[in-house]
Amino acid sequence: MRYKSRRDLFVTSVIYGAIAVMFAPLYPVITGQAAGTGAIIILLFFVAVSTLLLWILYGTKYTIDNEYITYSSGPIKGKIEISKIHTVISGKNLYIGFRPATAHKGIIVKYAKYDEIYFSPDSNDTFIEELLRINPEIKVKKNN
């Protein structure tokens, strides 16, 4: 089953704010009032960074099949064996660690011995139900 990442206002605002802050000083270059090789290189760099940020914002998704959770967040991709998941915590944020997510109050998936990852699927409950259908031994903790 495929899940899009939920996008909250805070993360969306931060990304669009960062893009605006990058391009504001380059207004003369964009409008053609200033030119030069250095300015064009900086403009191309900012376009690349903005593209990456938007790719992460709109391209973060998760797929659950019978063996794996597969995730992609922009250029970052990976998969986790569902059989190695032992705990899922719903409604909590992970401030330190790996976060292929675009919203707060998602789920923390603990797997293997000490590994954990944070996801923000469009529906935490449906995502967890799908995991439990495949591996009913997963412990679920709700933090609402």
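User: Where does S90 stand in relation to β6?
Analyst: In this predicted model, S90 stands opposite I107 in β6. The two strands concerned, β5 (residues 85-92) and β6 (residues 106-111), pair in the antiparallel sense over six bridges.

User: Which sheet do they belong to, and in what order do its strands lie?
Analyst: They belong to an open sheet of four strands with the order β7-β6-β5-β8, and its pairing is mixed. The edges are formed by β7 (115-119) and β8 (139-142), each of which pairs on one side only. Neighbouring strands in this sheet are turned by 15° against each other on average, with direction ignored.

User: What lies across β5, β6, β7 and β8?
Analyst: Helix α4 (residues 124-134) lies across these four strands, and the helix runs at about 170° to β5.

User: Now the other sheet. What is the strand order there?
Analyst: The order is β1-β2-β3-β4, in an open sheet of four strands with antiparallel pairing. Strands β1 (2-4) and β4 are at the edges; each has a single partner strand, so one side of each is left without a neighbour in the sheet. From one strand to the next, the twist averages 15°.

User: Which helix packs on that sheet?
Analyst: Helix α4 packs on it, touching β1, β2 and β3, and the direction of α4 makes about 25° with that of β2. Helix α4 also lies across β5, β6, β7 and β8.

User: How many bridges join β3 to β4?
Analyst: Six bridges join β3 (residues 68-73) to β4 (residues 76-81), and the two strands run antiparallel. Within this pairing, S72 has K77 as its bridge partner in β4. The two strands form a hairpin with two residues between them, and G74 in the turn has a positive phi of about 65°.

User: And β2 with β3, how many bridges there?
Analyst: Strand β2 (residues 61-64) pairs with β3 over four bridges, in the antiparallel sense. I64 stands opposite I69 in β3.

User: What holds such strands together in general?
Analyst: Strands of a sheet pair through backbone hydrogen bonds, either parallel or antiparallel.

User: Changing topic: how big is the largest pocket?
Analyst: Its volume is about 250 Å³. The pocket is lined by 13 residues, and V11, I56, R99, A101 and T102 lie nearest its centre. By class, the lining has nine nonpolar, three polar and one charged residues. Helix α1 (residues 9-23) supplies the largest share of the lining, four residues.

User: Take T102, then. Is T102 buried or exposed?
Analyst: T102 counts as buried, because its relative accessibility is 1%, and the cut-off for buried is under 20%. T102 sits in the loop between β5 and β6.

User: Which residues does T102 touch?
Analyst: Leaving aside residues up to four places away in sequence, T102 touches S5, R6, R7, D8, V11, I56, L57, T60 and S120. Among these contacts, V11 and I56 are also listed with T102 as lying nearest the centre of the largest pocket.

User: Back to helix α1. Why does I19 count as buried?
Analyst: I19, which is found in helix α1, counts as buried because its relative accessibility is 14%. Not counting residues up to four places away in sequence, I19 touches S50, L53 and L54.

User: And how far apart are I19 and F46?
Analyst: I19 and F46 are 8.0 Å apart in space, C-alpha to C-alpha, and 27 residues apart in sequence.

Conventions:
Residues numbered from 1 in each chain as written. Predicted model: local features only at pLDDT ≥ 70, side-chain atom pairs only at ≥ 80, totals over all residues. Heavy atoms only, no water. Pairing = 2+ DSSP bridges. Axes fitted to C-alpha atoms, helices over the stretch in contact; angles between N-to-C directions. Contact = heavy atoms within 4.5 Å. Buried < 20%, exposed > 50% of the residue type's maximum accessible area, 1.4 Å probe, protein only. 1 Å grid on protein atoms, 1.4 Å probe; cavity = no way out; pocket = protein on both sides within 12 Å on 5 of 7 lines; lining within 4 Å. Points joined across faces, edges and corners; volume = space filled by probe spheres on them. Nonpolar A, V, L, I, M, F, W, Y, C, P; charged D, E, K, R; others polar.
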